[in-house]
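Subject: Structure for your review

Dear colleague,

Please find below the sequence and structure that I am handing over to you. My findings follow directly after them.

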Amino acid sequence: MTSSARTACVLALLVLLAAGIGPVAAAPHSFPATGDVEIAFTPGDAIDKLIIETLGRAKSEILVHAYTFTDRRIAQALIAAKRRGVAVSVLADREQARSVPQNVLPQLVEGGVAVWLDGNFQAAHNKVIVIDADEPQPTTITGSYNFTFAAQRHNAENVVVLHDNRAVARAYRDNWRRLKAAAVPWSAEAVR
């Protein structure tokens, strides 16, 4: 390949990457299926109750990724876990924290929960809870379900609860940590 052909290829690749078209940085992760899996759907299933009961069994750590978070009962379950000695941290979408006045993030902060705001993306759209990733029986909760009253009462949503799969829990925990490293701590200035 000539020097001018190489230059043309590099320029074409740069144009594609700048346009958001190009090779994907990493392949999907694959883990062995282990443990038990619970699934629930709204309307119909009490996903909020399932989440609250699962939070009640946490032993050492709860990490939450939240897009919209308005469910006061789930917030109270997190505060209760914090009070019984569980390390609890929430990473929330910064724009949702700003624009949804009924969000429970201030309530969580008042309850001693560490809250971080992720404003590095168009939407920090994760809905994940990682419980006890370093314990023998970790749990990962994920799905479309926002931690909101509307998700439980008005939307068609789903949740998957993965029990006892350490590899999955640690992968989600590591992703949470990576995103948290670029986030900002909750403050009045951060949500303005």
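For what follows, Ala, Val, Leu, Ile, Met, Phe, Trp, Tyr, Cys and Pro count as nonpolar, Asp, Glu, Lys and Arg count as charged, and the others, Gly among them, count as polar. Please also keep in mind that this is a predicted model.

Confidence in the model

The chain has a mean pLDDT of 87, and 85% of its residues reach 70 or more. Over residues 8-22, however, pLDDT stays under 50. For that stretch the model has 6 contacts beyond four places in sequence.

Cavities

The structure holds 2 cavities of 30 Å³ or more. The second largest cavity has about 30 Å³ of space. Two elements, strand 3 (87-93) and helix 4 (94-99), each give two or more residues to its lining. The lining is made up of Tyr 67, Thr 68, Phe 69, Ala 92, Asp 93, Gln 96, Ala 97, Asn 103 and Leu 105. Sorted by class, these residues of the second largest cavity comprise 5 nonpolar, 3 polar and 1 charged.

The largest pocket

In the largest pocket there is about 200 Å³ of space. Its lining divides into 3 nonpolar, 4 polar and 5 charged residues. The residues that line this pocket are Thr 54, Arg 57, Ala 58, Lys 59, Ile 131, Asp 132, Glu 135, Pro 136, Gln 137, Thr 139, His 163 and Asp 164.

Asp 132 is not a glycine, yet it has a positive phi of about 55°. Asp 132 is placed in the loop between strand 5 and strand 6, and it counts as buried because its relative accessibility is 4%, where the cut-off for buried is under 20%. Asp 164, also not a glycine, has a positive phi of about 65°. The loop that holds Asp 164 runs between strand 7 (157-163) and helix 7 (166-181). Asp 164 counts as partly exposed, at 31% relative accessibility.

A cis peptide bond

The peptide bond from Thr 42 to Pro 43 is cis, with omega near 0°. Pro 43 belongs to the loop between strand 1 (36-42) and helix 2 (47-55).

Two asparagines in loops

Asn 126 sits in the loop between strand 4 (114-118) and strand 5 (128-131). With a relative accessible area of 29%, Asn 126 is partly exposed. Leaving aside residues up to four places away in sequence, Asn 126 touches His 65, Ala 66, Tyr 67 and Leu 179. With one of these, His 65, Asn 126 forms a side-chain polar contact of 3.4 Å. Asn 126 and Ala 66 are 60 residues apart in sequence, but their C-alpha atoms are 5.9 Å apart in space.

Asn 146 lies in the loop between strand 6 (139-143) and helix 6 (149-153). Is Asn 146 buried or exposed? Asn 146 counts as buried, because its relative accessibility is 15% and the cut-off for buried is under 20%. Again leaving aside residues up to four places away in sequence, Asn 146 touches Tyr 67, Thr 68, Lys 127, Ala 151 and Glu 157. Among these, Tyr 67 and Thr 68 also line the second largest cavity.

Yours sincerely,
A colleague

Technical notes. Residues are numbered from 1 along each chain as its sequence is written. This is a predicted model: local features need pLDDT of at least 70, side-chain atom pairs count only at pLDDT 80 or more; totals for chains, interfaces and linings use all residues. Side-chain values use heavy atoms; hydrogens and water are left out. pLDDT is the predictor's confidence in each residue, from 0 to 100. Contact means heavy atoms within 4.5 Å. On a 1 Å grid over the protein atoms alone, a cavity is a set of points where a 1.4 Å probe fits but cannot get out, and a pocket is an open set with protein on both sides within 12 Å along at least five of seven lines; lining residues have an atom within 4 Å of a point. Grid points are joined across faces, edges and corners, and a volume is the space filled by probe spheres set on the points. Helices (H or I, at least four residues) and strands (E, at least two) are DSSP runs, numbered from the N terminus. Buried means under 20% relative accessible area, exposed over 50%, partly exposed in between (1.4 Å probe, protein chains only). A polar contact is a pair of N or O atoms within 3.5 Å; within protein, one must be able to donate a hydrogen and the other to accept it, and residues adjacent in sequence count only if both atoms are side-chain atoms.
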